[in-house]
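Biologist: I have a chain open and would like to go through it with you. Can you put it on screen?

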Amino acid sequence: MSGQNSSSPATIRPIQNLRITFWGVQGSCPIFPNPYGIQEYSRRLAVHTLAKAFDEMTQRAKGGLLRVEDLLGGPLSQQTIEVYQQKIGLPDLPFYGGETTCVEVETSEGNILIFDAGSGIRRCSLGVVEKWRAKQDRVLHLFGSHEHLDHRIGLTFSRFCYVSPRPFTVNVYGSYPFLHALDQHYGLFSRQTSDVTYVDDPVDYTQMSAVFRGFELHGQSDAESPNKRFWEVRELNEPITIGSTVVQPFEAYHAMTCCVGYRVEHNGKSFVFSTDHEFRRGNQTDPCQERSVVAEARLRKQCMDADLAYMDGQYYLEEYLGKKGIGSFPPVPRVDWGHGCMEDAIERTIQCRIKRTLVGHHDPEREWTHRLEQDRYLAKLCEGKAYQIELADSDRVIDL
Ligand SMILES: [Zn+2]
Ligand SMILES: [Zn+2]
């Protein structure tokens with residue numbers, strides 16, 4: 001990971017095929033380190049620094065007595081300590097938590113596809129506007145998974161909504177409820193307000209310079225809405241082509257709402273974005289069970305031989321079944337809460353021959369120490385294997 005400025009982890013390497021940047025992987029609501037997390041992080045930094053310094057001292061002291069000046073390359077001062085600290089470097093500690101779902105995919109042709117408008121899209125948008133400062137034709141593609149707040153809360157904080165002259169055009173793809181939610185709250189497509197506009201925030205379409213074009217992904221089982229549409233309607237199964245990139249939408253199981261996942265193909269490389277999907281363990285006679293099983297088969301089909309997949313693994317099976325709590329949260333059965341299990345993410349990765357899987361939509365109650373345990377468990381599981389499974393963390397950039 002390398003940062004150009006505080007808002008962007010973008011790198012300057014040319015894009016070979018696809019560059020995927022994870023701006024937000026937190027589930028349900030943004031979370032930031034609590035005092036305990038900061039303390040634990042500081043402790044690990046201190047241990048790293050002391051270990052490096054003692055190691056160097058041991059090596060150098062072999063030749064005789066070692067003075068602090070010898071180690072620092074000058075008299076003890078703030079400046080020499082800082083130079084020495086830079087030499088030691090920082091440990092590669094994961095950063096957990098942060099913003100809710102937003103993943104940016106840049107293609108070698110210069111197109112930008114954004115998956116979900118969770119709170120992570122705010123920082124994503126700063127980078128996009130900067131990258132496209134001199135670009136004449138600025139057309140972004142925003143793919144929504146579904147209408148829940150954690151997947152759309154960041155849109156009105158996005159810089160690209162307010163650029164002029166040469167405003168951005170934003171093509172928005174998603175289910176009817178996703179487009180309808182954006183339209184009702186901000187009037188993006190109909191250019192009208194409704195009785196829920198200003199419920200989430202004070203902004204509406206009149207304050208935005210961006211032009212929004214909607215593309216509804218209509219599934220076969222979706223109910224027909226009586227409301228007028230202010231956007232184009234397409235079949236959910238129909239692939240979307242952007243330059244030589246092909247995006248295949250597919251329907252996941254997210255209890256009572258339609259959640260869409262996407263497989264992105266470009267130059268023979270593939271990335272699967274799938275959030276808020278539940279492989280359900282409930283009453284077998286419940287029609288929801290059948291829907292979940294069918295959706296799981298669809299997801300597995302789309303995951304076959306993928307180079308990279310992002311998927312929901314919010315719970316462990318015992319937590320999902322209500323046998324174990326998460327953090328200080330008491331055990332509660334999570335059937336039809338719409339989220340997946342880590343065990344399913346692992347099995348899917350193996351069965352579908354996915355090369356690398358990042359598991360996200362982290363539960364807000366998951367404690368720092370437990371995440372480190374998960375990391376160690378996954379690292380051990382993947383030792384010597386053809387696949388790699390890791391917890392997703394924000395600001396990670398992966399080139400395919
Ligand atoms: Zn969610
Ligand atoms: Zn959701």
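**Around F160**

Modeller: Start with F160. Beyond its neighbours within four places in sequence, F160 is in contact with S125, V128, V129, L140, F168, V170 and A210. Keep in mind that this is a predicted model.

Biologist: Where is F160 found?

Modeller: F160 is in the loop between β4 (139-143) and β5 (169-174).

Biologist: Does F160 count as buried or exposed, and why?

Modeller: F160 counts as buried because there are 25 C-beta neighbours inside 10 Å; the cut-off for buried is 20 or more.

Biologist: And how far apart are F160 and G127 in sequence and in space?

Modeller: They are 33 residues apart in sequence, and their C-alpha atoms are 9.7 Å apart in space.

Biologist: Changing topic. Which residues touch the most other members in the largest nonpolar core?

Modeller: V103, I114 and F271 do, in a core of 73 residues. Helix α5 (residues 176-186) gives the most to this core, namely six residues.

Biologist: Now the helices. What span should α6 have, and how far apart are its end C-alpha atoms?

Modeller: Helix α6 (residues 287-303) has 17 residues, so at 1.5 Å a residue it should span 24 Å; its end C-alpha atoms are 25 Å apart, which agrees.

Biologist: Which residues of α6 are buried?

Modeller: S292, A295, L299, Q302 and C303 are buried in α6. Seen down the axis, the buried residues of α6 fall within an arc of 95°, so they line one face of the helix. P287, A297 and K301 are exposed on the other side of α6.

Biologist: What comes just after α6?

Modeller: D305, with a positive phi of about 55°.

Biologist: Then on to α8. Which of its residues are buried?

Modeller: M342, D344, A345, R348 and T349 are buried in α8. They cover an arc of only 160° around the axis, which puts them on the same side of α8.

Biologist: And what do those pack against?

Modeller: The buried residues of α8 pack against α6, β12, β13 (356-360) and β14 (388-391). After α8 comes R353, whose phi is positive, near 55°.

Biologist: Zooming out, how many helices and strands does the protein chain have?

Modeller: Nine helices and 15 strands. The radius of gyration is 23 Å, close to the 21 Å that the globule rule gives for 400 residues, so the protein chain is as compact as a globular protein of that length. Along its principal axes the C-alpha trace spans about 85 × 55 × 40 Å.

Biologist: How is the chain divided into domains?

Modeller: Domain 1 takes 18-32 + 97-399, and domain 2 takes 48-88. Their centres, taken over C-alpha atoms, are 47 Å apart.

Biologist: What share of the residues counts as buried?

Modeller: 38% of the 400 residues.

Biologist: And what about contacts between residues 24 or more positions apart?

Modeller: Those make up 70% of the contacts with a separation of 6 or more in the protein chain.

Definitions and conventions:
Residues are numbered from 1 along each chain as its sequence is written. Chains are lettered from A and ligands numbered from 1 in the order in which they are written. This is a predicted model: local features need pLDDT of at least 70, side-chain atom pairs count only at pLDDT 80 or more; totals for chains, interfaces and linings use all residues. Domain bounds come from an automatic or database domain assignment. A nonpolar core is a set of buried Ala, Val, Leu, Ile, Met, Phe, Trp, Tyr and Cys residues joined through C-beta atoms within 7 Å. A residue is buried if 20 or more other C-beta atoms lie within 10 Å of its own, exposed if 12 or fewer, and partly exposed in between; C-beta atoms are placed from the backbone. Helices (H or I, at least four residues) and strands (E, at least two) are DSSP runs, numbered from the N terminus. The expected span of a helix is 1.5 Å times one less than its number of residues. The arc is that of the directions from the helix axis to the C-beta atoms. The radius of gyration is taken over C-alpha atoms; the globule rule is 2.2 Å times the number of residues to the power 0.38. Two residues are in contact if their C-beta atoms, placed from the backbone, lie within 7 Å.
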